[in-house]
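Hi,

Here is the structure I promised to send over. Have a look at it first, and my notes on what turned up are just below.

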Amino acid sequence: MNPLNYAHFVTDQAVHTGTPATNAGAGTFFGRERELDALREDVERAGLDTLAGRPAPRARVLLIAGRPGSGRTALAEEFARRVAGNYPGGVLRARLTDPGGAVVPLERVARDLLDLLAVPAPAGAGPDELTDVLRSALAERGTLLLLDDVAAAEQLLEVVPESRDCLVVATAEGPLTGVPDVRPCTLGGLDSAAAVHMLADRAGSEIRITVDPRAAEALADCCGHQPAALALAGGWLAARPQVSVLDAARRLAALGDEARPVTSAFRLVHESLPAEAARTLRLLCLAPDGYVDAALAAGLAGCSVPAAQRTLEDFARLGLLEPAGEDAHRVPGWLDPLLRGLLENRERPADVLLARARLLERAVRLLHSCWAVTEPDGTEARRELAEQPRPLRFGSPAAAARWLDSRLPALLAAARLAVADGELDTLARRFIGALARALNAHRTPEQVAPEQYRLHELVLSVAQRRGLHRERAAALLNLGDLDARTGRLPDALARYREALAACRADEDGDPQAAVRAMDSMGGTYAELDDWHRAADWYGRALAQCQVQGDLEGVARLHGRIGGVQIYAGQWGEALHAWRASAAVHRRLRNPQAQARALSEVARVQEYAGRPREAMRSCHDALGLATGAGDTRLQAALRLRLADTCERMGEPGDALAHRAEAERLLGETGDSAAESQATSEATCEIHSDRQKG
């Protein structure tokens, strides 16, 4: 038997007996009515603070405590479904413990919840700032917050909304001491009737259960009446229509782990799998965030995508996977530690590393396709996309965007895991680069900034670990730009200084990065109104560009210096800088840029009280703009000349210039105000970050 055709093996058995191999009731909720009633009563009862006359300005917290596999998450979801109509803000979900047992940082929890609320959060903001934004957002709407797998009371307290119109439903393994006024709803097993009903549903045939009720009760007892164990036992029976329920109970009893029935049920299922299917199952614990689809599973197992899809469907029928959206599955929390234990004991480290590499490589190819589908037809990217296998390409940009949105949490988790692992740094950097490019292709800079910040931090971590000075400098520059864009100017300056130090530590050197760091520091000091330091750093960047022979950089930085000198009121230095910028643009044969620089020369001359010289400079700029055919710039210069003529007492010339400006603007469809703004904007101080 080919182990990768295990789905066909199950289906063939079903055909012989007329029993369907699928499990239509896999998502059905069973029992727990007493617990649901208790939770509902707990919402309605008065808290201790209320009884004392001090109503707490925070949401009520309900806690569902139970061991993994007890159905605590399913109960929380069912309760949320039943009471969701009372909370117009909807239901928000967050998982507070990662697969593998790591506690999710508060910053990530808050940011994920803000994403669900569609509330923008500043890129790179710290936990305190994010939780303040989150509480403010939640306070404006009645929201039900479902927090799964809480590890400590502190995690819960940090995100509890300060609004009595909200409700928090949390799940944990045990009581959370430190959370005030909370009575945990502690879960045991299902009642006997619900357990038998669940077995019948998962087994796919109620007749098999009802014809031997004692055997069904014995099997439920062997499962400890735990939902996860019952699901596994039912799935195992569904795959074996010829096996009696009593035989299943005996086999499960022989594996006997009374303390952990779910472990015994898992062993029953795992040991019955073909070798390759069992190996694929063990590798699923490597799936980022426990999220897996056919493409990623194929990468892990080293098989085709259709074969991986059939195997995943098998696992879902057996109760080993939970649905996680269209064509995707999630590894249940109770299963993850069992798979990790088997992986450590039965798989060689080299094989595990290879599986991780295949997973990342497959994800890189998918992300490349996600980006390539947005490129114009006929480009090299589109030609490469057409050569990809069908499961690894997207039919349209909209389909790629939907895929990226649905997979983004898992993709970010994959990036974190790849960097933390430390053994696949080269592949991790490729993956992060592909993810960043895909995000830029499908989202605006404002939308993508928070994810880009996290990705740049991961690149920085790898670069520091590997001593990659050039990549470290690039990551620091990008982080500095995002810090500056969100108003954290001191943080941005620190990033730029570190980036400059990294450039200087690079033996091969990266002069362009060094110039960018100095240029950005000048721009940041300018935003802080520290004109002296701004001019100093622009001057250092200018010297580097002159050494490199970068004429465009020289022209740009002369303009930067001229701009800050205008703000500092140093007309002589500003005039010298803008004339130097115009001269370099002339050497570069860029008449439009030269005209703009000369218009700034005219501005400085006018500020310095030399209107005649200002008019001559403005006429020179107008001639260049006319020769270049730049109608908008001509109109802006005409308006500037009109203003200067009015100040000099020449109303006739002012009217003529303004009329000509209106005529030019009529050709472009712009307004006079827009054209004037275009002219004035050339004096504003912009770094590369601001221009981008």
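Glu451 sits in helix H22 (residues 445-466), where helices (H or I, at least four residues) and strands (E, at least two) are DSSP runs numbered from the N terminus. With a relative accessible area of 3%, Glu451 is buried; buried means under 20% relative accessible area, exposed over 50%, and partly exposed in between (1.4 Å probe, protein chains only). Leaving out residues up to four places away in sequence, Glu451 touches Asp115, Leu408, Leu412, Leu439 and Arg443, a contact being heavy atoms within 4.5 Å.

Before going further, a word on what you are looking at. This is a predicted model, in which local features need pLDDT of at least 70 and side-chain atom pairs count only at pLDDT 80 or more, while totals for chains, interfaces and linings use all residues. Residues are numbered from 1 along each chain as its sequence is written, and side-chain values use heavy atoms, with hydrogens and water left out.

Asp483 and Arg495 are 12 residues apart in sequence, and their C-alpha atoms are 8.7 Å apart in space.

Now the chain as a whole. It has 34 helices and eight strands, and its C-alpha atoms fill a box of roughly 105 × 70 × 50 Å along the principal axes. Of its 692 residues, 52% count as buried. If you take the contacts between residues at least 6 apart in sequence, 66% of them join residues at least 24 apart.

Two helices are worth a look one after the other. The 13 residues of helix H6 (residues 127-139) should span 18 Å at 1.5 Å a residue, and the end C-alpha atoms are 18 Å apart, which agrees. (The expected span is 1.5 Å times one less than the number of residues.) Leu130, Thr131, Leu134, Arg135, Ala137 and Leu138 are the buried residues of H6. Viewed down the axis of H6, they fall within an arc of 160°, so they line one face of the helix; the arc is that of the directions from the helix axis to the C-beta atoms. What do the buried residues of H6 pack against? They meet strand S2 (91-95), helix H5 (106-117), strand S3 (144-148) and helix H7 (153-159).

Helix H30 (residues 611-628) has 18 residues, which should span 26 Å at 1.5 Å a residue; its end C-alpha atoms are 25 Å apart, which agrees. Buried in H30 are Ala614, Met615, Ser617, Cys618, Ala621, Leu622 and Ala625. Down the axis of H30 these buried residues fall within an arc of 165°, so they too line one face of their helix. An α-helix has 3.6 residues a turn, so residues three or four places apart point the same way. The face of H30 turned away from the buried side carries the exposed residues Arg616 and Gly627. Helix H29 (591-607) and helix H31 (631-647) are among what covers the buried residues of H30. Just after H30, Gly629 takes a positive phi of about 75°.

On the subject of phi, most residues other than glycine have a negative value. Asp149, in the loop between S3 and H7, has a positive phi near 60°. Asp529 is not a glycine either, yet has a positive phi of about 60°. You will find Asp529 in the loop between helix H25 (511-527) and helix H26 (531-548), and at 52% relative accessibility it counts as exposed.

On a 1 Å grid over the protein atoms alone, a cavity is a set of points where a 1.4 Å probe fits but cannot get out, and lining residues have an atom within 4 Å of a point. Grid points are joined across faces, edges and corners, and a volume is the space filled by probe spheres set on the points. By this rule there are two cavities of 30 Å³ or more. The second largest cavity holds about 50 Å³ of space, and its lining is Pro288, Leu296, Leu359, Ala363, Arg407, Ala410, Leu411 and Ala414. Helix H18 (349-372) and helix H20 (397-421) each supply at least two of the lining residues, with H20 giving the most, four residues.

Cheers

Methods
On a 1 Å grid over the protein atoms alone, a cavity is a set of points where a 1.4 Å probe fits but cannot get out, and a pocket is an open set with protein on both sides within 12 Å along at least five of seven lines; lining residues have an atom within 4 Å of a point.
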